[in-house]
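Hi everyone, thanks for making time.

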Amino acid sequence: MEIFGISTALLGSQLLIGLINGSFYAILSLGLAIIFGLLNIINFAHGAQYMMGAFVAWIALTRFGINYWVALIVAPLIVGITGVLIERLMLRRLYKLDHLYGLLLTFGLALIFEGVFRDQFGISGESYEVPELLSGGVNLGFMFLPIYRGWVIIASLTVCFGTWYMIERTKLGAYLRAGTENSAMVQALGINVPLLITFTYGYGVALAAFAGVLAAPIFQVNPLMGSNLIIVVFAVVVIGGMGSIMGSILTGLGLGLIEGLTRVFYPEASSVVVFVIMVIVLLLRPAGLFGKS
Amino acid sequence: MSSRKYARTACAAALAALSFGVQAQISGGSVKIGVLTDLSGTYSDLAGSGAVLATRMAIDDFIANEKPSFKIEVVTADHQNKADIASNKAREWIERENVDTVTELVTTSTALAVMKVAKEKDRIVIMNGPASTPITNEQCNDVSVHYTYDTYALANGTAKAVTTQGGKSWFFLTADYAFGHALEKDSSAVVTANGGKVLGAVRHPFPGSDFSSFLLKAQASGAQVIGLANAGADTTNAIKQAAEFGITPKQSLAGLLMFITDIHALGLKPTQGMFLTTGFYWDRTDETRAWSKRFFEKQKKMPTMVQAGQYSSIYHYLRAVKAAGSDDTSKVMAMMKKTPINDFFAKNGQIREDGRMVHDMYLVQVKKQSESKYPWDYYTIKATIPAAEAFQPLALSRCPLIKK
C-alpha cells in the first residue's frame, strides 16, 4: 500500500524513528523548561551536559568496568552534582541581572566543557556498545526495530512523565511551582527557596546527562554531540512555550514525528523544518503552543 | 679596539654580509609557512594538531638534513571550517606577516576561498585535507597544489573495486554540500562505467547525527551497496547505526572518504570487511612505519593520509625553495613541479600543470578483529592503484590551465 507514493512500511518506520528522536528532544527540552521556569536562566550548557553524561558513562565503562545500568543512575548523579556546583558558585550571582548574563555564562561554560573534552579525547569520539540485554532487534513487519531504540522511548517517556507528575502532583512540585510564581512569598512561608533552586538546576542538568547516557550506544560519543542537538532543542522549547513542562514534552515528541515525515518527503529540509515551525508559531502565538502569555 | 678584536669583528661582518647575500632572494630573510586547518571541529582529528605536528617534523628534518641558509617559521590558525574565516586569516598572514605559503586547508570551501586570495597576492597554497575535484578543475590556478587525494581518486579506487567484485546496485547517502555532491557524482560515474547501476540517493543535512531515517530509505531501495558520500562524524554515525538496524551485513557499506582515525573511533566490529581508498597507510613499508612511529610518539595516534601528506608536501616545498634559491612564488612552483617526489609518502610523485600531485593510491580492506594483531593494525592492502590510474587523467581536465 502506498500513501503519496511512499509505502506505508517506510512511512511507519519513519514515524517510529521520529518518535525515538522525539524522545530525546522531549527529555532535553524538559530539562531546559524546568530550569527556565524556576531560575529564569536559559541554560546554554545543556548540550555540553548531555555530552558529559555520555562521556561519564563511557569512562565508567572503559576505565572502571561500570556497566550501562549503573551508569544510567551514576552518570546523571555525577553531572547533576557539577550542575549544583555551577549553580552555587556562579549562576546564583546572576539572578538579579538580565537573562542575557545567564545565557552568556552558560554558553561560556559549554565552550569550556567541550574544549576540555576535545582536548582529552579528540573529535572522532568513542564507541559505546549496546548493553547485552538490549542488543539485537525485533522484526515488526514494516521495519526492523533495534530493541535498544524501543528502550529509549520507554525510558525517556517514563522519566518525562515521572518528572511531570512530580512537579504537577506532589507537594515538592507545588513548592517549586509556587517558587516560580512568587519566590519572596514562598520564602516568607518558611520554605528554603535557594535550596529548591539549586536542586532544580541540578535535576535539569541530570536530565540532560540521562539523555546523554541513553544516546551513548546510538551515537558516537564525541565532544560536539550536544552542540549539534541543542539548537533544535531550544527551538522545541520556544515552540512549546518557555517554561511549560507538559508543553515541552509533547512538543518534543511531536516535532520528532514531523521531522521524521520531512525525512520521507523532502529530506533536504529535515534540518530546518523545526525552525520553520518555530517561526510560524512565534508569529501566531508568541508565547508558544502551551505557554501563558 | 685591539687588532685581534678588530679582526674578529671584521670577519663577523664579512660573514654576515656573505650570508645576507645568500639570503637576498628570501623575502624577510625567512620562509614562513602558515598551517590553516580545523583545530577544533569535526575534521580536527584527521588534520588539525596532527597536521601542525607533521609540519614541524618536516621543518626539523629539513633543517637537520639539508642545512638550509634561511630561517623557517611556522604560524598556525583554526579556520573552523568556515570559508570567510579562512580567507580573512590567509589575507592577514600574507599582508601583515609575509607568509609565503598557506597549507593544509581541510574542507573544500575554505580551500577554494584561500586559493582565490593566494592567486590575488601571488603566494603558494598547498592543500592536503580538502577532497573536492573542482580544486584542480574549474577553480584551478597556477599557485595551488592539491597534494594528498581527491574525490575522484577515492571514488575511482573504492567504487571500482566494490562494483567489479559484484556490488552492482548502489544507493548513496550523501552529505548535502559541495563535497558530498562531488563525491556522489564522481562515484556514480565510476559505478556506471563498471557496469553497475545507481538506484538513488538521499541527501542528509550536514552535520547530522541520526541517520536511521536515511538508512531505512537506503534499505528500502534494495541496493546491494550503500555508498557513504560523507565524512568524519557523519560517516562513523551512519556506519554505527547501519549495524544497529541490521542493514549490514545484508547490504554492504562503502565508505567513500574514511580515515584511519574513523576506523579507530568505531573499532573493527562495525567496520570489518569495508573497502576504502587511502593515499597512505602507516604499516605499509619500513619507511612508513619508521616515520609513523615518530609521529605516534608525539601525537599518540597514527597519522592519517592528510597528516603524512602534509609532512611530505612541506618537505617538498622547502626543498624547492632551497633549490630555487628563492621564495618567489613562480620560481618555487616551477621547481616543485619539475622535481619528482620520492619519500616515504610517495614514489615518483609528480605535481601536474593543474596542481594535482599524482602518486600511487592504495585500495585497502578493513581487517576482522581476529586478524588484527597489534594496536592500529587495521588494513590489508588489496591493491596498489598506480598514479596514472588513480587520478583524473588530464584529458578529462576542466582546468583552464590545461591546453588541449
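Predicted model: local features only at pLDDT ≥ 70, side-chain atom pairs only at ≥ 80, totals over all residues.

Residues are numbered from 1 along each chain as its sequence is written, while chains are lettered from A and ligands numbered from 1 in the order in which they are written.

Okay, helices. Two packed helices are described by the angle between their axes and the distance between the axes. Here an axis is a line fitted to C-alpha atoms, for helices over the stretch in contact, and angles run from 0 to 180 degrees between N-to-C directions. Helices themselves are DSSP runs (H or I, at least four residues), as are strands (E, at least two), numbered from the N terminus.

Look at helix 2 of chain A, residues 46-64, and helix 9 of chain A, residues 225-240: their axes cross at roughly 135° and come within 8 Å. That's why helix 2 of chain A and helix 9 of chain A count as oblique to each other. The cut-offs are under 35 degrees for roughly parallel, over 145 for roughly antiparallel, 65 to 115 for roughly perpendicular, and oblique for the rest. Among the residues making that contact are A:A48 and A:A54 from helix 2 of chain A, and A:G226 and A:V233 from helix 9 of chain A. By contact I mean that the C-beta atoms, placed from the backbone, lie within 7 Å.

Now the second pair: helix 5 of chain A, residues 147-169, packs against helix 10 of chain A at about 165°, with the axes 10 Å apart. That makes helix 5 of chain A roughly antiparallel to helix 10 of chain A. Helix 5 of chain A brings A:C160, A:W164, A:I167 and A:E168 to the contact, and helix 10 of chain A brings A:I245, A:M246 and A:I249.

A:A48 counts as buried, because it has 31 C-beta neighbours inside 10 Å. The scale is 20 or more for buried, 12 or fewer for exposed, and partly exposed in between.

Over in chain B, B:L183 sits in helix 6 of chain B, residues 178-193. B:L183 counts as buried too, with 29 C-beta neighbours inside 10 Å. Leaving out neighbours within four places in sequence, its contacts are B:T151, B:A155, B:A229, B:L256 and B:L257.

On to the core. A nonpolar core is a set of buried Ala, Val, Leu, Ile, Met, Phe, Trp, Tyr and Cys residues joined through C-beta atoms within 7 Å. The largest one has 212 residues, and those touching the most other members include A:A54, A:V233 and B:V114. Helix 1 of chain A, residues 8-39, supplies the largest share of this core, 16 residues.

Last stop: how many residues does each chain give to the contact? Chain A gives 29 and chain B gives 30. On the side of chain A that touches chain B, helix 1 of chain A gives the most, with five residues.

Key
Contact = placed C-beta atoms within 7 Å.
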